[in-house]
Protein chains: 2
Amino acid sequence: VDSAIAGSIRRLRARDERERTGRFVLEGVAPFLHACRASVALDRIVWNRLLLRNPEARAFVRSRKREGVPTLHVAPDAFRDLSETARASGVLAVARQRWTALERLDTVRGTVRVAVERIRSAGNLGTILRTAEALGAEGVLFVGGASDPFEPAVIRASMGTVCDLELTRTSRYAFTSWSRARGVRIVGTSPRGERDARDLVSTGPIVVLLGDERVGLSASAMASCTECVRIPIVGRCDSLNVGVAAGIVLHQLLVRRAPRAASGQPRS
Amino acid sequence: VDSAIAGSIRRLRARDERERTGRFVLEGVAPFLHACRASVALDRIVWNRLLLRNPEARAFVRSRKREGVPTLHVAPDAFRDLSETARASGVLAVARQRWTALERLDTVRGTVRVAVERIRSAGNLGTILRTAEALGAEGVLFVGGASDPFEPAVIRASMGTVCDLELTRTSRYAFTSWSRARGVRIVGTSPRGERDARDLVSTGPIVVLLGDERVGLSASAMASCTECVRIPIVGRCDSLNVGVAAGIVLHQLLVRRAPRAASGQPRS
């Protein structure tokens, strides 16, 4: 691989380079498929046809190349050299970050979004993104600068859903002002929440605010909530993993949107 | 640290040594507290008073020592040398594994258990244990020999709840025979499940059977299920993380057991 290209890809592993350029690197079949299906703009594709077996991904490589995306076919070893994952999947791409400004978010319909301040583990943040997307949330807000959804480990754990969600970066102040001006409910999740999550009713636009893994929601984050729910715990362990808690609350809020299939697909 | 003691602790990182001896090593404040509160039998404690700040954990060290558990106070560096975690917490212990035989499991009351065959990620398995315990499931069954709850990374991710749950090891054949003989419902979770998880009713003893992260439930595992539920997915991501899926299904089954507090504890 041309050393300038390899260098530019490697530099994007650092967050400041991602922020400076507005680009990120995605790697692997699932993230590549999600990016292509969601029409994320790609600056470059690097791939190897022996490693990349997935037919849909191969078809996207061909069609993106036809559309003019610089596409580099490299030897398996050269690919592995660039790859950050345990098993080289045969495709990576430099892509443009897509952010939606706070003011442009739809607050008219009964939208459901997730907001995070600082999630410490990339695996947890990726799981939160994946869960939000799968269950039908519209987007994820990043309040403050602590967490970056375009970190490679987050993208992997998100299964590529980082490409499907409306992502918004905001400050705590702007977030609180926006929610008040637009009548958005901010629902905190905390073991100390005053209301049981099973009583949560999904009316109006809602943002579910998730706390840090170790200390939960800070006092000032709590103060920005219009209400705070808890998931009842009966065991000796006094809390849930933040991704699991997000899943339970989002399922509660969003399941009404899922069609009730008269009969499921056949088992196989 | 005496090299024989250090060696015996290090050897327990390997699964075959854990199985041969029926012992395991737990490290850190949360696992140590859970083990002591659950009266897990300890063979040995190694600790350092500068590193271990938690007052309840320090009190347990003293009381276990009084009760005759060999207790070794070591220098911070010696402790770090033995430690497997990023930040040495100041306490580790050699403990006895506790397993409950399949035949001894209570199937009279409406018990809820989780069963796993092969969960690939230690983080996911630990999260499943933590979630099961926090939401009030009685125990976890390990069908076949693929997963070990006493692996250090699993214990850490479980926050120590591995000590609180009834754990059972069984074969697929014995599991299926037992469930039929005792009238235990085995509820599989799969994107192809025929019934919506929100229609799951918690009558009778139930085991929730979780599939592997990549391929889900195998055909033969599916065949052992008395029913199979799906969590409705509306996004482009076609599945949930196994720990999140477990959380949603267990919350659905177990939340009726949680008392509805008239008003929660005060926010703080």
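## The contact between chain A and chain B

In this predicted model, the contact between the two chains draws on 53 residues of chain A and 52 residues of chain B, and the area buried between them is about 4,500 Å², with carbon and sulfur atoms giving 53% of that area.

Across this interface there are 16 residue pairs in polar contact, both residues having pLDDT 80 or more, and the count of salt bridges between the chains is 2. One of the salt bridges joins B:Arg236 to A:Asp164, whose closest N and O atoms are 3.3 Å apart. On the side of chain A that touches chain B, helix H3 (29–37), helix H6 (122–135), strand S11 (227–230) and helix H10 (242–254) each supply at least two residues, and the largest share, 6 residues, comes from H6(A). The residues of that side divide into 20 nonpolar, 15 polar and 18 charged.

## Helix H1 of chain A

Helix H1 of chain A spans residues 3–11, and its buried residues are A:Ile5, A:Ala6, A:Gly7 and A:Ile9. These buried residues pack against strands S1 (23–27), S2 (42–47), S3 (71–73) and S4 (91–96), as well as helix H5 (76–82), of chain A. The N-terminal end of H1(A) is capped by A:Asp2, which places a side-chain oxygen 2.9 Å from the backbone nitrogen of A:Ala4.

B:Ser89 lies in the loop of chain B between helix H5 (76–82) and strand S4 (91–96), and B:Ser89 counts as buried because its relative accessibility is 16%, where buried means under 20%. Leaving aside neighbours within four places in sequence, B:Ser89 is in contact with B:Glu27, B:Gly28, B:Val29, B:Leu51, B:Leu52 and B:Phe79. A polar atom of the B:Ser89 side chain lies 3.4 Å from the backbone nitrogen of B:Gly28.

Technical notes:
Residues numbered from 1 in each chain as written. Chains lettered and ligands numbered in written order. Predicted model: local features only at pLDDT ≥ 70, side-chain atom pairs only at ≥ 80, totals over all residues. Heavy atoms only, no water. Helix = DSSP H or I, 4+ residues; strand = E, 2+ residues; numbered from the N terminus. Buried < 20%, exposed > 50% of the residue type's maximum accessible area, 1.4 Å probe, protein only. Polar contact = N/O pair within 3.5 Å; in protein donor to acceptor, adjacent residues only side chain to side chain. Contact = heavy atoms within 4.5 Å. Buried area = accessible area lost by both parts, 1.4 Å probe. Salt bridge = Lys/Arg side-chain N within 4 Å of Asp/Glu carboxyl O. Nonpolar A, V, L, I, M, F, W, Y, C, P; charged D, E, K, R; others polar.
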